Amino acid sequence: MSTRSCYHARVTNETKIRLAISLDGGSLSSLLPEGSAGIEDAHASQISKSQSISVNSGIGFLDHMLHALAKHSGWSLWLRCQGDLYIDDHHTAEDCAIALGTAFKQALGPIRGYKRFGTGFAPLDEALSRAVVDLSGRPFAIVELGLKRERIGDLSTEMIPHVITSFACAAGITVHVDCLKGVNDHHRAESAFKALAIAVREATSRIGGDEVPSTKGVL
């Protein structure tokens, strides 16, 4: 059984991102370059027997959302970003999502022997979100969260659906996420990321064999 993990770096004039991901959890130490910052320099950090998560993008609420996505997807994730936050949050949030989607696609490998489709529902107090994922090879996203505040922490609320869309496009998957109910925007956003994580975890589960899960015979 192949190891579904990778290290990825994305460097532009706007952001410098490094990340390591394992879709099956576990340690990331073998993937990280020597001298990489440890878990202690990130607020969104969690170490357990099965997962290692440490995210520092420079935007606290984005870290919180990516932490939730990794945790409930079953991933181990280490991410560091130096972005041009003196401009605004757009480049950092978008590029972190692109880098994460690119690394996810690389770690996933060919879509063979996967369940392919996944559905997730996640409540957070009064909020309830639904997500549906297809490892289709066709990048597409519809994200309807109904957020009303201008910002949550240091993250513009307009960037929250854009992060999910950017992740889906870079990952080459189809994603539909909608918040069905809720009045608190923090709850609505977080339940959406948790629902997405549950759907991703199901879609990427192995079902045995090496068949392509498509009537076309190719994805």
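Arg 116 belongs to the loop that joins helix H2 to strand S6, the strand formed by residues 117-124. In this predicted model, the phi angle of Arg 116 is near 85°, a positive value in a residue that is not glycine. Such a value deserves attention, because most residues other than glycine have a negative phi. Is Arg 116 buried or exposed? Arg 116 has a relative accessible area of 9%, and residues under 20% count as buried, so Arg 116 is a buried residue.

Asp 125 is placed in the loop between S6 and strand S7, which covers residues 127-134. Asp 125 is not a glycine, yet its phi is positive, at about 55°. The relative accessible area of Asp 125 is 63%, and the limit for an exposed residue is over 50%, so Asp 125 is exposed. Arg 116 is thus buried, whereas Asp 125 is exposed.

Which residues are in contact with Asp 95, once its neighbours within four places in sequence are left aside? They are Arg 10, Thr 12, Glu 14, Thr 15 and Ile 17.

The cysteines come next. How many disulfides does a search of the whole structure find? The search returns zero. Cys 96 accordingly takes part in no disulfide, and the cysteine sulfur nearest to its own, that of Cys 81, is 3.9 Å away. Cys 96 is buried, with a relative accessible area of 1%. Cys 179 also counts as buried, because its relative accessibility is 10%.

Helix H3 spans residues 159-171 and includes Thr 165. With a relative accessible area of 25%, Thr 165 falls between the limits of 20% and 50%, so Thr 165 is partly exposed. Apart from residues up to four places away in sequence, Thr 165 touches Ala 141 and Val 143. Thr 165 and Ser 45 are 120 residues apart along the chain, and their C-alpha atoms are separated by 24 Å.

These residues may finally be placed within the whole protein. The fold comprises four helices and eleven strands. The radius of gyration is 16 Å, close to the 17 Å that the globule rule gives for 219 residues, so the protein is as compact as a globular protein of that length. Along the principal axes, the C-alpha atoms fill a box of roughly 50 × 45 × 35 Å. Of the 219 residues, 51% are buried.

Contacts and surface complete the description. Among contacts with a separation of 6 or more, 73% are between residues 24 or more positions apart. The protein exposes about 10,100 Å², and carbon and sulfur atoms supply 52% of that area. As for charge, there are 22 positive and 24 negative side chains, and the centres of these two sets lie 8 Å apart.

Key:
Residues numbered from 1 in each chain as written. Predicted model: local features only at pLDDT ≥ 70, side-chain atom pairs only at ≥ 80, totals over all residues. Heavy atoms only, no water. Helix = DSSP H or I, 4+ residues; strand = E, 2+ residues; numbered from the N terminus. Rg over C-alpha atoms; globule rule 2.2 N^0.38 Å. Buried < 20%, exposed > 50% of the residue type's maximum accessible area, 1.4 Å probe, protein only. Contact = heavy atoms within 4.5 Å. Areas by Shrake-Rupley, 256 points an atom, 1.4 Å probe, with all protein chains shown as cover. Lys, Arg positive; Asp, Glu negative; His and termini not counted. Charge placed at Lys NZ, Arg CZ, Asp CG, Glu CD. Disulfide = S-S within 2.5 Å.
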